[in-house]
There are 4 protein chains.
Amino acid sequence: MLIVMKSDATESDIRRVEEIIEKLGYRPHTMPGAARTAIGVTGNPGAIDPTHFENLPGVADAIRVTKQYKLISKDLRPEKSVIKVGNATIGGNELAIIAGPCAVETVEQVFSAAEAVAKSGAKFFRGGAFKPRTSPYAFQGKGEDGLKILAEVRNQFGLNIVTEAMDERGVDLVEKYGDCIQIGARNMQNFSLLKYVGQTRKPVLLKRGLSATLDEFLLAAEYIMAEGNYDVILCERGIRTFGTHARNTMDLSVVPAVQKLTHLPIIVDPSHGTGRNYMVNPLARAGVAVGADGLIIEVHPCPEEALCDGAQALTLEQYSELYTQVNAIYEILAKEEMAIALA
Amino acid sequence: MLIVMKSDATESDIRRVEEIIEKLGYRPHTMPGAARTAIGVTGNPGAIDPTHFENLPGVADAIRVTKQYKLISKDLRPEKSVIKVGNATIGGNELAIIAGPCAVETVEQVFSAAEAVAKSGAKFFRGGAFKPRTSPYAFQGKGEDGLKILAEVRNQFGLNIVTEAMDERGVDLVEKYGDCIQIGARNMQNFSLLKYVGQTRKPVLLKRGLSATLDEFLLAAEYIMAEGNYDVILCERGIRTFGTHARNTMDLSVVPAVQKLTHLPIIVDPSHGTGRNYMVNPLARAGVAVGADGLIIEVHPCPEEALCDGAQALTLEQYSELYTQVNAIYEILAKEEMAIALA
Amino acid sequence: MLIVMKSDATESDIRRVEEIIEKLGYRPHTMPGAARTAIGVTGNPGAIDPTHFENLPGVADAIRVTKQYKLISKDLRPEKSVIKVGNATIGGNELAIIAGPCAVETVEQVFSAAEAVAKSGAKFFRGGAFKPRTSPYAFQGKGEDGLKILAEVRNQFGLNIVTEAMDERGVDLVEKYGDCIQIGARNMQNFSLLKYVGQTRKPVLLKRGLSATLDEFLLAAEYIMAEGNYDVILCERGIRTFGTHARNTMDLSVVPAVQKLTHLPIIVDPSHGTGRNYMVNPLARAGVAVGADGLIIEVHPCPEEALCDGAQALTLEQYSELYTQVNAIYEILAKEEMAIALA
Amino acid sequence: MLIVMKSDATESDIRRVEEIIEKLGYRPHTMPGAARTAIGVTGNPGAIDPTHFENLPGVADAIRVTKQYKLISKDLRPEKSVIKVGNATIGGNELAIIAGPCAVETVEQVFSAAEAVAKSGAKFFRGGAFKPRTSPYAFQGKGEDGLKILAEVRNQFGLNIVTEAMDERGVDLVEKYGDCIQIGARNMQNFSLLKYVGQTRKPVLLKRGLSATLDEFLLAAEYIMAEGNYDVILCERGIRTFGTHARNTMDLSVVPAVQKLTHLPIIVDPSHGTGRNYMVNPLARAGVAVGADGLIIEVHPCPEEALCDGAQALTLEQYSELYTQVNAIYEILAKEEMAIALA
């Protein structure tokens, strides 16, 4: 059930609808929009009788939603969501670049990367303190010590910190030290973790699973939102196919598909999406050209010494070249008013 | 590093090797075998000097292991592992049948299924109290109440309970009420959860992820074993491909591949592996013929009323027919001494 | 349009319906069955008015077919088709084993394999004279000379010859020298070739393409049948997935799916389906257990010297072991009257 | 074997090397380059002794090639190949746009599309007279009549005609009426057809198969070139994955991969690559941004009436918008001298 308020509905009209929803034992999700507010209802086991709402003051319409997803949909919120991450935003009129090393290794490594990232003009820094590694014997990340280094990067360079959490303890720590909680591809359907981050008030960067369909990806976002956290940023990071020339196959068609169905921003990750240094820049350009809201890029001052995923990390020089190229394309898209097509 | 003891090594020889490993700051994993004991070493950041061990009494060999996995490998334990689950075993000379409904719904539903399963001769009962559902609005399972019903099934029918946990709280509860902790396909690379179940002393049924390679699957088992829990049963449950005639594509070639590399038992799940009622029996027969150690099968007294995955559940009659057919094939394999080829 | 004749319809009733179909400019496909004859109509651009037929003598029903396929479907022919290949059949009450080397190399190699195949009791011999190789620089087969060797095998050992054609010239030659024309996976959607073999009167073994959906596979058979050749045997030979432990992933669920929809026999190819010697026997057993009508197996007197696909060829001893095992399973299926379930 | 000539080698030096290759019973493939000529050798069953060549006048080096492909490789020709198609080129310093309807239907439909394509500035026209359709009952194309309409388009609008052939007869006809022979995805490993077009002297547009690896794709091109036709243009048209939001998954990472290994131009097909009208423009932009040499686009004056693939065809207005946008991106890439990175 989706209750669409009139454009002149008052705060108290909205509050009254919320109260009725709560009294029925369900949960209201209120989404203010440019033209009007809509209120999603979740928690109802079956259809709700629309007559509960349609004659209330301020209510324009009460619509039965038969689709699997409610909160992510454009029915609930026709305008694109702009997500605040620290002191910057993702999904607005600026290309969001999140750059940094795969893993936090040392203060020197992190600061050297952060300096280059800040200098480029990017506003977000990435770096993992908890690393989901295929082998139990591979480097598992520096944990809380790593997060402290990242917090120091924010203080010193003004960059907003995006970093992964793999479990509840990790979420608590990232909430404390970071600005955006990343949920990795392998945890995209870790539903307990999704519910847990849904209860925080930090924005969440949700990566698409290696073999997730679009529906599964969107419903993972819906899991987070159903708990009350509406600040979800989607991220395409490559899917698994039979191909071997790249580590994964970037599925850029998911960008227009997401934009058609949802109000959430979506960024792309050409570093994990290709796993090959020489492919990162071309696929980053493609990601911006297809209409993504941003990029997440691995940069390492010395890729050949990286403890994790060195093969795909850009050098600081390569990163700088990428930054220039993708922004040139982004500007063209804006200038030619392709924005219409991207919406 | 793998330390192979002589066949006449004493308990104190073994203990001494373990002490040296611990003194070096690493972790010994002692695996007694039919002919000899082997001790795996984990926790070492780099290569270990074999001279620490090779001249000790009772030591036959100290072998550097360059492969990614140690504890699952036949190098460590050439004989097949037979895993004790409650009062029965998986991996020995009997076909293990785990049957029951997808989800625990009501006492009546569960008991009706359990009666048929017990009557058939099967020794294991399945049923989910925590359900990983793609949509946050789908039935999420009955939680601890469901587990209590399952514990009652064990008391009344003598069946051993296999049931899924999705997070640490769930693991604690399954440890309390069940006999075997199932880790679902979507959590196969939830590394925090793998470590957590590695610290329990209940056997673990580990399902292959929807797009997991064999290496990733085996390393997920290695994660559990590296924490000290060696009772891992693998389960092929279908992978994701372009095909649409079945819900997933069962990859039976993984059975001989697993048997070639590891000492762990492997079972197959034709219910999730096909998602189609009419395919379950044929694929169950195929799973036994390919050499699997067992089957996990969804049975529901009334599939068309199931709250979850009804399309793939067998009726009690269909289950009984399947039970007869797969055991006939299993006996033929044994009789013709195909066991050799299966080992 | 499908015209179902009454069980007591006469030859002249049938002929009259055929004439009307031809007069309308379409093509009749008459399929005699155990209980009744059905006549498929193809070539019609849109729906046909059933009143043309429903009042004719001997006509039981005139059914509009909205499905994409007509001639392969059980609507047209509810009984399973038994295909005559040389002096034997595929699809009847006997497991069909087609064995032999990947490629015809020398008289000695072929005769040595043929002797073992004939001795085992198998009735079909395989061997390629035209080899579809990924590289233009790899061995391309011995051409007509190879076919002459195969024809000699038939004369000497009484085996029926199944061999691949890659183009029209090849089809003409296989028609001359062989008993069954194999269309390889890479040509499954070579529609010109399908039409061409549809005009021959030799049975066709049609292999599923590496990434063919079930619908595409069945429509490829429909292409052949629409030209008037109804003797099509389907073959599952493994699909392409992300997996690397086997060369392909055998999709055994396609066997019950095919049996549900069509009257055509289906066999499986565990040699190409796995590409690994040690997997061939387990997957052959699985193929028989799932309900396939036969197997196609690569056997080579000396696999390590094979010019093509040696890694998957069985030795003569391994082949003999496989033959015993799969027949034991086949007999059990028959004995337990699983045949009902397989139909 | 690859023989690299000195930069000052004479025509007669080159001729002499060719003669020796021919005398040895092999085939020379001479590729003139900007700085030097290289001569590939094919047809040799094993390694060739380099001493046959290395002391000849004009020879700089004789290199053993262990890779599977020779003629497509940058070792043979370090500069990018610019392919002449009719009166224009693909692979040079201009974005090649090939546009037109999926299938030739009527003179009016074709001319209406051709007018818009010519007006946009594009130099190539597409349209199928032979259509590879999954179902034998679907529209199969207008055949030679369709080709005559296309030839008329060339006469009237000066557009160069790219059109598919599915068999030898079709190749002969396309050679007569068209400018570039398209080999469709389903025929990418129709090796007989590849050899046949290798013997024509018309350029070939080779589409990647639905599940072709990069190696298979490149070796298909090598098949054509090994017959002496070096004018091959590669085309990425989407691969088959588990995804359902688009008809296929465009794998843009294949573009930098091809450019790293070969001297051949590569274009992308966002129409078949997505199968969704609203995705064509975004993915076309991405294809240009990733560095492709061109695009092939389906345009139809009235997509909803198309006999084939209407769901993905652009209207004339949408095509015009796409044309502007992709050229704006192409110019930016050139301006910023990204060309270096693209090479």
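Reply: Copies are superposed by least squares on the C-alpha atoms of residues with pLDDT of at least 70 in both. The model is predicted. On that basis, chain A is laid on chain D by a turn of 180° and a shift of 0.0 Å along the axis, with an RMSD of 0.1 Å.

Me: Which residue of chain A comes closest to the rotation axis?
Reply: The distance concerned is that of the C-alpha atom, and it amounts to 2.0 Å. The residue of chain A that comes closest to the axis is Ala286(A).

Me: How are chain B and chain C related?
Reply: Chain B is superposed on chain C with an RMSD of 0.1 Å by a rotation of 180°, and the shift along the axis is 0.0 Å. The two copies are thus related as by a two-fold rotation axis.

Me: What percentage of the contact residues of chain B recur in chain C?
Reply: Residues count as in contact if their C-beta atoms, placed from the backbone, lie within 7 Å. The contact takes 40 residues from chain B and 40 residues from chain C. The same surface serves both copies, and the share of chain B contact residues that recur in chain C is 100%.

Me: Which element gives the largest share of the side of chain B that touches chain C?
Reply: The elements of chain B that give two or more residues to this side are α7 (254–261), α9 (277–290) and α10 (316–335). The largest share is ten residues, and the element that supplies them is α9(B).

Definitions and conventions: Residues are numbered from 1 along each chain as its sequence is written. Chains are lettered from A and ligands numbered from 1 in the order in which they are written. This is a predicted model: local features need pLDDT of at least 70, side-chain atom pairs count only at pLDDT 80 or more; totals for chains, interfaces and linings use all residues. Two residues are in contact if their C-beta atoms, placed from the backbone, lie within 7 Å. Helices (H or I, at least four residues) and strands (E, at least two) are DSSP runs, numbered from the N terminus.
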